[in-house]
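Colleague: I'm new to this one and would like to learn how to read it. Can you take me through it a feature at a time?

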Amino acid sequence: MSAPERSDLTTTSAADLARALKARELSSVEVTRAYLDRIAAEDGRLGSYLHVDADAALARAEEIDAAGSAGDGLAGIPVALKDVVVTEGVPTTSGSKILEGWRPPYDATVAARLKAAGTVLLGKTNMDEFAMGSSTENSAYGVTRNPWDPERIPGGSSGGSSAAVAGGLAPWAIGTDTGGSIRQPAALTGLVGHKPTYGSVSRYGLIAFSSSLDQAGPMARTVLDAALLHEAIAGHDPLDSTSIDSPVPVLAECARRGADGDLSGLKVGVVRELGGEGHRDGYEQGVLDRFAEAVALLEGMGAEVREVSCPAFDLALPAYYLIAPSEASSNLARFDGVRYGLRVGDDGDRDLDEVMALTREQGFGPEVKRRIILGTYALSSGYYEAYYGQAQKVRTLISRDFSAGFADVDVLVSPTTPTVAFPLGSRVDDPVAMYAADLCTLPASLAGVPAISVPCGLSDGLPVGFQIMAPALADDRCYQVAAALEAASGGPLIDRLTGAAP
C-alpha cells in the first residue's frame, strides 16, 4: 500500500493507517490533526460529538510518536468513545442532563484497554439518553444527523459514533448494544457494527441501562477494522462479574480469511420470522431486495442456504420492552442528585426526598421517564409474574430457537433493520413505531449471541444492513462471513459516501 495522501486520511481504513504509521510514512500527530480538522469543519452540521479535547488528543499523539510506538497494533490511531463509556477526567454524561459536567475518577475497562493499546481519544460521542432510543433524538444535548442525508437519523442509541465514523470524523468508534444500538446505526450509516457475545467484553465502567443485555463493541468502516478494534477490548475482566473467562478469538485473521471469498461448506439459515414470507409487515421492499441479493452472493461463494423458522422471535419486541425497562428502573435509581451530577432544589427549605424528585424531574428526559415508569410497573407487586416473569420465559424460548437453528446451520441471517434511515422527527411522537426499528436486532440481544451488521447495498440512495448471527463465542464466524460479503459486494459501502478508493 502506498502512503495515504494527507487529504485522504479521514477516508482511510484504520488498518491502512496502522500500516502507514508503522512504516513511518505518517505520524500519529498528522493523523490526529486531520481528524480534529475534520471535526471542526463538519461536526457543527452532524452533531456527532459531545466533547472533544483537541489539545489532549494532540499531546497524546505526540507522546506516541516520541516513544516510537505508532503503528504497533492500534498505537497512534485515533478513536471515539460513546459517552456511556466512563473515562477518567473526561466529561461523561450518557447523553443526560442528570450527569452534566461529571468527570469520572476512573476508566471503564474498555477505555483502559484502548489507552493501553496506545489509541488517541478524539472525544465522546452523542447518544440517546442512557442508551434509550433508536434515533439519537433523545439526547439531552441535541440530535445527531446521518452523513448520507442530514435530514435523516443516524440510528441509535450509538448514533454519535456511527455519524462520526461515516462522516470521516473518526476512523472507528466504540458503541454499545443493548437491543441493537451498534448494529442498527451501523446499518443506517453504511458501517460495520458488531455486538459481541454477552460477557466477552467487559461491562465494567459502562453506565448501565439493562445489565443482562448491555455490551460494548466496535463500529468501523471495514470488517477488518471492526475485528482489530474488537480484539483490543475483548477478554476476561475480574471487575465484571458477568465476564466470561475464555480466550479472545482470533478475529482479524478470520476477517482476512473471509475476504478470500470461499464459503464452501458453510450452512446459512435465513430466518423466516425476520422478513420472510408472511413476516414482511413494516419491511421496505428495497431492504428485502438488497437482503435477497446478499444471500445470493453467499450462495455464489459456496454457502448452502436454507430457511430456518424461529417462532419465538415474533415475541422479541414485547419481551425486550419489558425486560430492559425493568432493569433500567433499578439501574437508574442511583441518579438521585445526592452524590454526583445534577442537583436541583437544594436551597435549604426542601427535604432530601423533594430534592431527589426535582432533580429527576429536570434531569431525566421523556423517553427515560417513560421506560422507568414502564419498568417499575412491570416489577411491581401483583404484576411481576404477569409481565417481567412472562418476558423472561419468552427470552428462554428465543434462546431455544437459536439453539435449534444452530443445530442445523452455522449462521443465521436477516436484514439488520426493516427500513433505511427515516426522517428526523418522523417517529418522535410514536414510541411503538420507533421501537419497531429494533425488530431484527432484538433476538440476538435477548439470547446473548454475537451478531454483526455489514452493508449490503443501497435503497433509495441510503444504506441497507445485512445481519449475521452466530452461536455464543463464535464471533469469529460472524467476521468471516461478513468479510466475504464485503469483498463480494465490491468493498466497503462507506467508500461510496466518502469517495475513498475501493
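Colleague: Which residue in β11 stands opposite P415?

Modeller: Strands in a sheet pair through backbone hydrogen bonds, either parallel or antiparallel. Here P415 stands opposite F466 in β11. Two strands pair if DSSP finds at least two bridges between them. The names come from DSSP runs numbered from the N terminus: helices are H or I with at least four residues, strands are E with at least two.

Colleague: Before we go on, what sort of model is this?

Modeller: It's a predicted model, where local features need pLDDT of at least 70 and side-chain atom pairs count only at pLDDT 80 or more, while totals for chains, interfaces and linings use all residues. Residues are numbered from 1 along each chain as its sequence is written, and side-chain values use heavy atoms, leaving out hydrogens and water.

Colleague: In what order do the strands of the sheet come?

Modeller: The open sheet has 11 strands, ordered β1-β3-β2-β4-β6-β5-β10-β11-β9-β7-β8, with mixed pairing. At the edges are β1 (49-52) and β8 (304-308), each pairing on one side only. From one strand to the next, the twist averages 30°; angles run from 0 to 180 degrees between N-to-C directions, and axes are lines fitted to C-alpha atoms, for helices over the stretch in contact.

Colleague: Which strands does α5 lie across?

Modeller: Helix α5 (residues 159-166) lies across β1, β2, β3, β4 and β6, at about 155° to β4. Another helix, α16 (residues 475-488), packs on the sheet and touches β5, β6, β9, β10 and β11. Contact means heavy atoms within 4.5 Å. The direction of α16 makes about 15° with that of β10.

Colleague: And what does α7 do with α16?

Modeller: Helix α7 (residues 223-233) packs against α16 at about 160°, with axes 9 Å apart. That makes the two roughly antiparallel: under 35 degrees counts as roughly parallel, over 145 as roughly antiparallel, 65 to 115 as roughly perpendicular and the rest as oblique. V223, A226, A227 and H230 of α7 meet D475, Y479, A482, A483 and E486 of α16. Those residues divide into six nonpolar, one polar and two charged. Ala, Val, Leu, Ile, Met, Phe, Trp, Tyr, Cys and Pro count as nonpolar, Asp, Glu, Lys and Arg as charged, and the others, Gly among them, as polar.

Colleague: At what angle do α10 and α12 pack?

Modeller: Helix α10 (residues 316-331) meets helix α12 (residues 366-379) at about 100°, with axes 7 Å apart, so these two are roughly perpendicular. Among the residues in contact are Y321 and L322 of α10 and R371 and I372 of α12. The contact divides into seven nonpolar, four polar and one charged.

Colleague: How many aromatic pairs are there?

Modeller: Rings of Phe, Tyr and Trp (its six-membered ring) pair if their centres lie within 6.5 Å; planes under 30 degrees apart are stacked, over 60 edge-to-face and the rest tilted. The whole structure has 14 such pairs. One of them, Y106 with Y204, is tilted, at 5.7 Å centre to centre and 45° between the planes. That pair links distant parts of the chain, 98 residues apart: Y106 sits in the loop between β2 and α4, Y204 in the loop between β5 and β6.

Colleague: Where is the cis peptide bond?

Modeller: Most peptide bonds are trans, and most residues other than glycine have a negative phi. A cis bond joins G156 and S157, with omega about 5°, and S157 is in the loop between β3 and α5. R24, in the loop between α1 and α2, has a positive phi near 60°.
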